[in-house]
Amino acid sequence: MKPIIQPVWDLPLRLFHWLLVGLIAFSWWSGENHEMEWHRWSGYAILFLLVFRLYWGLAGGRTARFSRFVRGPRAALAYLRGSGEADVGHNPLGGWSVVSMLAILIAMVMAGLFAVDVDGLESGPLADYVSFDAGRWASDVHSLIFNLLMGLIVLHIAAILFYLLARRRNLIGPMITGSVKAVDGAAAVPLRASVWRALTGLLIAAAITYFVSKGLHL
Amino acid sequence: MSIYRTTRRIALPLAVLTLAGAVVAAPSDPKATRQASFKKMGAAMKVLKEQLAGGSPAKPGMLAAAQTVAATARQQGALFPAGSGAGTDALPAIWTQKATFDAQMAKLVAESGKLVTVVNGGNVDAIGAQFKVVGGTCAGCHKQFRADN
């Protein structure tokens, strides 16, 4: 008998995840090496991904939606105490991890948009709107937030390793293939991710990113 | 009490304090003075950059900014007495390789002086090119002598 395949993550969500991984690494590298032209491009790409993810949280497949995984502290505590999961996707605790990482990344991009380097030479596309001192402050905030982001990423990887080693549950596979083998006898529940909605999201994200990268001038 | 009177009551002592601070700070605290001056230069560079990026740069604003950079640059070299690096981004190399540092400072004075001349000349392409040279001088010296953070 062919095993039933249960979809977990839709394609746009997986692309978002892995592109973000690559872009965070590239942003770190280009920032450290003062390759600021590349660093700006990388930041715009992350901004694009974030806008798309926020949109996809409202319009995406079942497991991508905020309404599905943003739960109160009680649900998160209950999950910690060991109540099982009824469905695939983010558990109530993982949902908070996603929200924290998105919030930190948004703050990081915002700070970068206004940041000015020590020479007044390199800057984010919105730095024209603020003073040199405010731009320097944004730059300090930008690097401070980076440390917080690293902390969250370490936590994220630690949690995945915990599931893999202690719980014998591979979370990495589904983030690549998009699906798991369903429990015997269970029928697969579709994610209902729409191609047209994804394309709409790409357009919205591209338009907003372009506008911001041009310093809000058309 | 009206806002106006409150403001007046605060404004005068504040002005006196600021003046006193400026008088006291300038000769006795080279560290604070050079830091404030570097910030002034950074802000002036930002003004120049925005003017040049804008397409139709305004000469008076650019001239004032270029003069700020040039005038401040001439004073900076003398504001690094031995032992004034503690608690700042100034690297020890400033004092162990003093000749190289002084040469960089002299280069900044020369290039920022040229920038004023070029801005006066009014050729936007030339201003852009010299702006890059001055910026490269800042960055080059920072790479060697300033903690990267």
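Is Trp29(A) buried, partly exposed or exposed? In this predicted model, Trp29(A) is partly exposed, with a relative accessible area of 39%. Phe26(A) also counts as partly exposed, at 30% relative accessibility. Both residues lie in helix α1 of chain A, which spans residues 11-32. They sit three residues apart, about one turn of the helix.

Aromatic pairs were examined next. Over all chains, the structure holds 12 of them. Phe26(A) and Trp29(A) form one such pair, with 5.9 Å from centre to centre and 25° between the planes. The pair is stacked, because planes under 30 degrees apart count as such. Phe26(A) also pairs with Trp38(A). Here the geometry is edge-to-face, with the centres 6.0 Å apart and the planes at 90°. This second pair links distant parts of the chain. Phe26(A) belongs to helix α1 of chain A, whereas Trp38(A) belongs to helix α2 (residues 36-59) of chain A, and 12 residues separate the two. In chain B, ring pairs join Phe38(B), Phe80(B), Trp95(B), Phe101(B) and Phe145(B) into a cluster.

Chain B contains six helices and zero strands. Its elements run α-α-α-α-α-α from the N terminus on. The chain has 149 residues, of which 31% are buried. Among contacts in chain B with a separation of 6 or more, 72% involve residues 24 or more positions apart.

Two packed helices are described by the angle between their axes and the distance between the axes. Helix α5 (residues 98-121) of chain B and helix α6 (residues 124-145) of chain B have axes that come within 9 Å and cross at roughly 165°. The crossing angle therefore makes α5(B) roughly antiparallel to α6(B). The crossing is left-handed. On the α5(B) side, the contact includes Thr100(B), Phe101(B), Gln104(B), Leu108(B), Glu111(B), Leu115(B) and Val119(B).

From α3(B), the contact residues include Met62(B), Leu63(B), Ala66(B), Val69(B), Ala70(B), Ala73(B) and Arg74(B). They meet α5(B) residues including Met105(B), Leu108(B), Val109(B), Ser112(B), Val116(B) and Asn120(B). The contact divides into 12 nonpolar, five polar and two charged residues.

Gly87(B) is found in the loop between α3 and α4 (93-96) of chain B. With a relative accessible area of 88%, Gly87(B) is exposed, because the cut-off for that class is over 50%. Arg74(B) lies 13 residues from Gly87(B) along the chain. The C-alpha atoms of the two residues are separated by 24 Å.

Note on methods: Residues numbered from 1 in each chain as written. Chains lettered and ligands numbered in written order. Predicted model: local features only at pLDDT ≥ 70, side-chain atom pairs only at ≥ 80, totals over all residues. Heavy atoms only, no water. Axes fitted to C-alpha atoms, helices over the stretch in contact; angles between N-to-C directions. Helix = DSSP H or I, 4+ residues; strand = E, 2+ residues; numbered from the N terminus. Parallel < 35°, antiparallel > 145°, perpendicular 65-115°, else oblique. Left-handed = near helix turned anticlockwise from the far one by under 90°. Contact = heavy atoms within 4.5 Å. Phe/Tyr/Trp six-rings, centres within 6.5 Å; stacked < 30°, edge-to-face > 60°. Buried < 20%, exposed > 50% of the residue type's maximum accessible area, 1.4 Å probe, protein only. Nonpolar A, V, L, I, M, F, W, Y, C, P; charged D, E, K, R; others polar.
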